[in-house]
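Welcome! Here are some notes to read alongside the structure, one point at a time.

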Amino acid sequence: MPKLNSFFEKENKVEQLLTKKMHPQLISYKKLRESKFQYREISDEDYRELATLIELDGEVLQPLLVRKAGGDSYEILAGHKRFRACRYLTEERKLEQFALIPCYVKQLTDAQAEFAVYSTNGYSKKTDYQVMREIEGMSRLLKENPEAFPEAASGRLVEKLSKIMDMSKTVIQEYKTISKNLGNEAMEKFKKNE
């Protein structure tokens, strides 16, 4: 019979591991690289407005999500606008206190990293083209890498996406239809919101 003391020791170790994973690290903006998976355009006006808010707060309130990219650099998966704002504050406004940015460092495969880029972009206003890109990207990743997403293993793809993106199955299917049926010229117009 296991001793009650050993239960608490295990619980303490689990809590220490979880707490360690949750603490952000301060990383120099010079070591951060934008992800090749990032598909959203960030205007100068957007990151400069955010820079002003960060300056007023005195710090970055929400850490970036990054993964090791080789050598001494990190790939940004979430927080591209915050990164650009801090770079702007440091380089243009000469505010050195924003040179170190809080980051959560996670070990992720390429498929998980790309999925993280799509899923973390879910909180700001998007164009229809961007929503379609997310749906198509997530669809491809879930099909090609089911082992990387075991929690999404059962059920039809449209149902999975519906839950992940908090959209109806009909809307998901409509975006998939648009993606499959638009030619290159029409897709370019769709991308430009024309």
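1. A word on naming comes before anything else. The protein has 8 helices and 5 strands. Please keep in mind that this is a predicted model.

2. Let us begin with the sheet. Its 5 strands form an open sheet with mixed pairing, in the order S1-S5-S3-S4-S2. Strand S1 (25–28) and strand S2 (32–34) are at the edges; each has a single partner strand, so one side of each is left without a neighbour in the sheet. From one strand to the next, the twist averages 55 degrees.

3. S1 and S5 are antiparallel and share 4 bridges; here glutamine 25 stands opposite cysteine 103 in S5. S3 and S5 pair in the parallel sense, over 3 bridges, and leucine 65 has tyrosine 104 in S5 as its bridge partner. Strand S3 (residues 64–68) also runs antiparallel to strand S4 (residues 74–78), joined to that strand by 4 bridges. In this pairing, arginine 67 stands opposite glutamate 75 in S4.

4. Next, look at the helices that meet the sheet. Helix H3 (residues 80–91) packs on the sheet and touches S2, S3, S4 and strand S5 (100–105). The direction of H3 makes about 125 degrees with that of S4. Helix H4 (residues 110–120) lies across S3 and S4, and runs at about 40 degrees to S4.

5. Which residues touch the most other members of the largest nonpolar core? They are Ile135 and Leu161, in a core of 28 residues. The elements that give two or more residues to this core are S4, H4, helix H5 (128–144), helix H6 (157–165), helix H7 (169–181) and helix H8 (184–191). H5 supplies the largest share, 7 residues. Beyond its neighbours within four places in sequence, leucine 161 is in contact with Ile135, Met138, Ser139, Leu142, Asp166 and Ile172.

6. There is also a second, separate core of 23 residues, which includes Ile54, Leu64, Val66 and Leu89. In soluble globular proteins, nonpolar side chains tend to be buried together.

7. Is serine 35 buried or exposed? Serine 35 sits in the loop between S2 and helix H2 (44–57). Its relative accessibility is 6%, and buried means under 20%, so serine 35 counts as buried. A polar atom of the serine 35 side chain lies 3.0 Å from the backbone nitrogen of phenylalanine 37. Not counting residues up to four places away in sequence, serine 35 touches Glu75, Ile76, Leu77, His80 and Val117.

8. Finally, some overall values. Of the 194 residues, 40% count as buried. The protein exposes about 12,800 Å², and carbon and sulfur atoms supply 50% of that area. Among contacts with a separation of 6 or more, residues 24 or more positions apart account for 71%.

Methods. Residues are numbered from 1 along each chain as its sequence is written. This is a predicted model: local features need pLDDT of at least 70, side-chain atom pairs count only at pLDDT 80 or more; totals for chains, interfaces and linings use all residues. Side-chain values use heavy atoms; hydrogens and water are left out. Two strands pair if DSSP finds at least two bridges between them. Axes are lines fitted to C-alpha atoms, for helices over the stretch in contact, and angles run from 0 to 180 degrees between N-to-C directions. Contact means heavy atoms within 4.5 Å. A nonpolar core is a set of buried Ala, Val, Leu, Ile, Met, Phe, Trp, Tyr and Cys residues joined through side-chain atoms within 4.5 Å. Buried means under 20% relative accessible area, exposed over 50%, partly exposed in between (1.4 Å probe, protein chains only). Accessible areas come from the Shrake-Rupley method with a 1.4 Å probe; for residues, only the protein chains shown count as cover. A polar contact is a pair of N or O atoms within 3.5 Å; within protein, one must be able to donate a hydrogen and the other to accept it, and residues adjacent in sequence count only if both atoms are side-chain atoms.
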